[in-house]
Amino acid sequence: MACLKRNRIIYSLVLAAILASSFPAPAASGGIYIIRGNLLVEAMREYEKAERKDERTNYADAARYQWFVMGVHDALSGEIFCAPEQVTLAQVAAVVAKYLNAHPEEWNEPAFVLVTRALKQAFPCRGMRPL
């Protein structure tokens, strides 16, 4: 059982790294590139357009948003927050979008931190401290 959990975490981290690389890199990164909330919000706006069936949607960005959010979900569910097993990608994406829209003052923070906060707020585990 521990081996399966470790494999799931490794898979999720590799997926998150691949997805992170799909976001545009800054001109002079000078080291590790961390996706900021502002960039995730841009992708989230495309996701919201896709949900409304807007013809001007950039579906690649909408997919990046969903993949990034689900990568964080898969990597940390059961560790930092406790989402139900039946939760869908649409629910996870909607929870994170609601949080991001409610907290524009946090958009300068790392995207994975914002996604984690949103999911922890929506799906808290009993006896865990706030992030």
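Predicted model: local features only at pLDDT ≥ 70, side-chain atom pairs only at ≥ 80, totals over all residues.
Student: What percentage of the 131 residues of the protein count as buried?

Tutor: A residue counts as buried when its relative accessible area is under 20%. Applied to the 131 residues of the protein, this criterion gives a buried share of 37%.

Student: Among contacts between residues at least 6 apart in sequence, what percentage join residues at least 24 apart?

Tutor: Contact here means heavy atoms within 4.5 Å. Among the contacts in the protein between residues at least 6 apart in sequence, the share that joins residues at least 24 apart is 58%.

Student: Are helix 2 and helix 3 roughly parallel or roughly perpendicular to each other?

Tutor: Helix 3 spans residues 59-76, and its axis comes within 7 Å of the axis of helix 2. The two axes cross at roughly 110°, and angles of 65 to 115 degrees belong to one class. Helix 2 and helix 3 are therefore roughly perpendicular.

Student: Which residues of helix 3 meet helix 2, and how do the residues of the contact divide by class?

Tutor: Helix 2 contributes Leu-40, Ala-43, Met-44, Glu-46, Tyr-47 and Ala-50. Their partners in helix 3 are Tyr-59, Asp-61, Ala-62, Tyr-65, Gln-66 and Phe-68. By class, the residues of this contact divide into 9 nonpolar, 1 polar and 2 charged.

Student: Why is helix 2 described as oblique to helix 4?

Tutor: Helix 2 (residues 37-51) and helix 4 (residues 89-102) have axes that come within 11 Å. Their crossing is left-handed, at an angle of roughly 125°. Angles of 65 to 115 degrees count as roughly perpendicular and those over 145 as roughly antiparallel, so helix 2 and helix 4 are classed as oblique.

Student: Which residues of helix 4 meet helix 2?

Tutor: On the helix 2 side, the contact is formed by Leu-40, Val-41, Met-44, Arg-45, Tyr-47 and Glu-48. By class, the contact of helix 2 with helix 4 has 9 nonpolar, 1 polar and 2 charged residues.

Student: What is the N to O distance in the salt bridge of Arg-45 and Glu-48?

Tutor: Arg-45 and Glu-48 are 3 residues apart in helix 2, and are therefore separated by about one helical turn. Arg-45 is partly exposed at 31% relative accessible area, whereas Glu-48 counts as buried at 19%. Their side chains meet in a salt bridge with an N to O distance of 3.1 Å.

Student: Which residues are linked with Arg-117 in a network of salt bridges?

Tutor: The structure holds 6 salt bridges. Glu-106, a member of this network, is buried, with a relative accessible area of 13%. The residues linked with Arg-117 are Glu-106 and Glu-109.

Student: At roughly what angle do the axes of helix 4 and helix 5 cross?

Tutor: The axes of helix 4 and helix 5 come within 9 Å. Helix 4 is roughly perpendicular to helix 5, a class that covers 65 to 115 degrees. The crossing angle is roughly 105°.

Student: What distance separates the C-alpha atoms of Lys-98 and Ala-118?

Tutor: Lys-98 is found in helix 4 and is exposed, with a relative accessible area of 66%. Lys-98 and Ala-118 are 20 residues apart along the chain, and their C-alpha atoms are separated by 8.3 Å.

Terms used: Residues numbered from 1 in each chain as written. Heavy atoms only, no water. Axes fitted to C-alpha atoms, helices over the stretch in contact; angles between N-to-C directions. Helix = DSSP H or I, 4+ residues; strand = E, 2+ residues; numbered from the N terminus. Parallel < 35°, antiparallel > 145°, perpendicular 65-115°, else oblique. Left-handed = near helix turned anticlockwise from the far one by under 90°. Nonpolar A, V, L, I, M, F, W, Y, C, P; charged D, E, K, R; others polar. Salt bridge = Lys/Arg side-chain N within 4 Å of Asp/Glu carboxyl O. Buried < 20%, exposed > 50% of the residue type's maximum accessible area, 1.4 Å probe, protein only.
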